[in-house]
Amino acid sequence: MKDVLWLLWILLALLIVIVLIVWTKITLFVDLHHVRDNDYYRVRLRAWFGLIRYTYEIPVVKVKKDSPRLLVEKKKGMGDQGKEDENSWSDYSVEDGLSMLENAKQFLEQVVGFHKIFRRFLQKVTVSDIRWHSRFGLGDAALTGVLTGAVWSAKGGIVGIISRYMKLKDMPVMSVTPVFQHLWSETVFECIISFRVGQAILVGLRTLRYWRHTSKKRRKRWKSSNKNKTHSVKT
């Protein structure tokens, strides 16, 4: 009898843990700052009222001057060799970028219903506190004025896409300030994104199911094509 009670208590504890994980709300604080050559990109994750925290600094990307390659900053931590604030750079060619795009294309082609799955997930994602301020100048008043209208149009289009596919909690605060006197480039973007862990797990399970389903279809087509080839050779 005691063994049964212990088993029931263990199952109850596991059930409570699973429910807590599924209903855990993940909040992402996106903070992107660009002022000419001074960039600062950071994403902070919070859960369980701040008990779980994680900060990820997005690497800075620069264009290599002497060749068509990208330099990506790799920051060293305490566990790496060298000083704590010492950074290194990795360069990537155009071929590397094309290879990554090809891999992404193959993934999307293999998972037929991935866009539907991801769209369902986005409908559960909440976006709030969007603050998007830009200041720029091209050194020419006429060109700067034309670009100002284009930037406003682009921002409106992006916000429209966000409100269409996600839950936009409040109206974004945006501004575009032209600088007519000289060259200038400055952008500050901040927002808060939140969703539940259970929704992300559901996306993973649905993606895995579609992946297995499409894999079975490909195997069946491959077997049937081989049979047809064998039959045609014999005849």
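Which side chain does arginine 42 meet in a salt bridge? The side chain of arginine 42 meets that of aspartate 31, at 3.7 Å from N to O, where a salt bridge is a side-chain nitrogen of Lys or Arg within 4 Å of a carboxyl oxygen of Asp or Glu.

This is a predicted model, in which local features need pLDDT of at least 70 and side-chain atom pairs count only at pLDDT 80 or more, while totals for chains, interfaces and linings use all residues. Residues are numbered from 1 along each chain as its sequence is written, and side-chain values use heavy atoms, with hydrogens and water left out.

**View 1. The protein chain as a whole.** The secondary structure comes to 5 helices and 10 strands; helices (H or I, at least four residues) and strands (E, at least two) are DSSP runs, numbered from the N terminus. Of the 235 residues in the protein chain, 22% are buried, a term that stands for under 20% relative accessible area, with exposed over 50% and partly exposed in between (1.4 Å probe, protein chains only). Among contacts between residues at least 6 apart in sequence, 61% join residues at least 24 apart, contact being defined as heavy atoms within 4.5 Å.

View 2. Strand β10 (residues 183-196) runs antiparallel to strand β1 (residues 25-35), to which 11 bridges join it; two strands pair if DSSP finds at least two bridges between them. Within this pairing, phenylalanine 29 has isoleucine 192 of β10 as its bridge partner. Strand β7 (residues 126-138) also pairs with β10 in the antiparallel sense, over 11 bridges, and here the bridge partner of phenylalanine 136 in β10 is serine 185.

**View 3. Alanine 47 in strand β2.** Alanine 47 has its place in strand β2 (residues 38-47) and counts as buried because its relative accessibility is 4%. The C-alpha atoms of alanine 47 and isoleucine 26 are separated by 5.2 Å, although the two residues are 21 residues apart along the chain. Leaving aside neighbours within four places in sequence, alanine 47 is in contact with Thr24, Lys25, Ile26 and Ile52.

**View 4. Aromatic pairs.** The count of aromatic pairs comes to 3, under the rule that rings of Phe, Tyr and Trp (its six-membered ring) pair if their centres lie within 6.5 Å, planes under 30 degrees apart counting as stacked, over 60 as edge-to-face and the rest as tilted. The rings of phenylalanine 121 and phenylalanine 195 are edge-to-face, because their planes stand at 75 degrees, with centres 5.5 Å apart. This pair links distant parts of the chain, since phenylalanine 121 lies in helix α3 (residues 114-122) and phenylalanine 195 in strand β10, 74 residues apart. Phenylalanine 121 is buried at 14% relative accessibility, and phenylalanine 195 is buried at 16%. The rings of tryptophan 132 and phenylalanine 189 have their centres 5.3 Å apart and their planes at 85 degrees, so this pair is edge-to-face. Tryptophan 132 and phenylalanine 189 are both buried, and Phe118, Phe121 and Phe195 form one aromatic cluster.

View 5. A search of the whole structure finds 2 salt bridges. Arginine 42 lies in strand β2 and aspartate 31 in strand β1, so their pair ties together parts 11 residues apart in sequence. Arginine 42 is partly exposed at 21% relative accessibility, whereas aspartate 31 is buried at 12%. Glutamate 186 and arginine 135 meet through their side chains in a salt bridge at 3.1 Å, N to O. This pair links distant parts of the chain, with glutamate 186 in strand β10 and arginine 135 in strand β7, 51 residues apart.
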